[in-house]
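Subject: Structure handover

Hello,

Here is the structure for you to look at. Please open it first and then read the notes below it.

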Amino acid sequence: MPESTQPDGTAAPLLLDVLRETLRVRHYSLRTEQQYVNWVRRFLRFHHHRHPREMGAAEVSSFLTHLAVEGQVSASTQN
């Protein structure tokens with residue numbers, strides 16, 4: 001996946017890097033960070049690597065439904 005550039009010509013940070021930095025600033029544990037990154041990867045893979053800006057509530061709902069029906073994920077994990 002190619003990196004996009006910012007108006008000043010520098011490379012824009014990748015989505016997962018931004019997520020990691022945000023979690024670190026908020027002092028989340030390393031294991032929590034790893035799990036959040038894992039869930040975001042699964043979500044993106046489920047939607048064929050579309051950028052989150054292109055998606056909304058319908059895509060989140062379809063992912064959660066997929067987890068509940070086919071992934072047999074517990075309700076507490078979905079919450």
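Helices are DSSP runs of H or I with at least four residues, numbered from the N terminus. By that definition, the place of His27 is in the loop between α1 and α2. The model is a predicted one, so please keep in mind that where pLDDT is low, the predicted coordinates should not be read in detail.

Overall picture

The protein chain has 4 helices and 0 strands. Read along the sequence, the pattern is α-α-α-α. Of the 79 residues in the protein chain, 16% are buried. Among contacts between residues at least 6 apart in sequence, 20% join residues at least 24 apart.

The mean pLDDT of the protein chain is 86, and 86% of its residues reach 70 or more.

Helix α2

Helix α2 has 17 residues and reaches 24 Å from its first C-alpha to its last, close to the 24 Å expected at 1.5 Å a residue. Which residues of α2 are buried? They are Glu33, Val37, Phe43 and Leu44. These residues cover an arc of only 120° around the axis, which puts them on the same side of α2. The buried residues of α2 pack against α1 (15–25) and α3 (57–69).

Glu33 can be looked at by itself. Its place is in helix α2 (residues 30–46). Is Glu33 buried or exposed? Its relative accessible area is 5%, and buried means under 20%, so Glu33 is buried. Leaving out residues up to four places away in sequence, Glu33 touches Arg20, Leu23 and Arg24.

Helix α3

Helix α3 has 13 residues, which should span 18 Å at 1.5 Å a residue; its end C-alpha atoms are 18 Å apart, which agrees. The buried residues of α3 are Glu59, Phe63 and Leu67. They cover an arc of only 75° around the axis, which puts them on the same side of α3. The face turned away from that buried side carries the exposed residues Ala57, Ala58 and Val69. What do the buried residues of α3 pack against? They pack against α2.

The core and the rings

The largest nonpolar core has 6 residues: Phe43, Leu44, Met55, Phe63, Leu67 and Val73. The elements that give two or more residues to this core are α2 and α3.

Phe63, one of the core residues, also belongs to a cluster in which ring pairs link Phe43, Phe46 and Phe63. Not counting residues up to four places away in sequence, Phe63 touches Trp39, Arg42, Phe43, Phe46 and His47.

How many aromatic pairs are there, if ring centres must lie within 6.5 Å? The count comes to 3 aromatic pairs. The rings of Tyr28 and Tyr36 have their centres 5.8 Å apart and their planes at 55°, so this pair is tilted. Tyr28 counts as partly exposed at 35% relative accessibility, and Tyr36 counts as partly exposed at 39%.

The loops and their histidines

Most residues other than glycine have a negative phi.

- His27, in the loop between α1 and α2, has a phi near 65°. Its relative accessible area is 72%, and His27 is exposed.
- His48 follows α2, and its phi is positive, near 55°.
- His49 lies in the loop between α2 and α3 and has a positive phi of about 60° although it is not a glycine. His49 is partly exposed, with a relative accessible area of 49%.

His47 is also found in the loop between α2 and α3. Is His47 buried or exposed? At 8% relative accessibility, His47 counts as buried. Not counting residues up to four places away in sequence, His47 touches Met55, Glu59, Ser62 and Phe63.

Regards

Notes
Residues numbered from 1 in each chain as written. Predicted model: local features only at pLDDT ≥ 70, side-chain atom pairs only at ≥ 80, totals over all residues. Heavy atoms only, no water. Phe/Tyr/Trp six-rings, centres within 6.5 Å; stacked < 30°, edge-to-face > 60°. Buried < 20%, exposed > 50% of the residue type's maximum accessible area, 1.4 Å probe, protein only. Contact = heavy atoms within 4.5 Å. Expected span 1.5 Å × (residues − 1). Arc of directions from axis to C-beta. Core = buried A, V, L, I, M, F, W, Y, C linked by side-chain atoms within 4.5 Å. pLDDT = per-residue confidence, 0-100.
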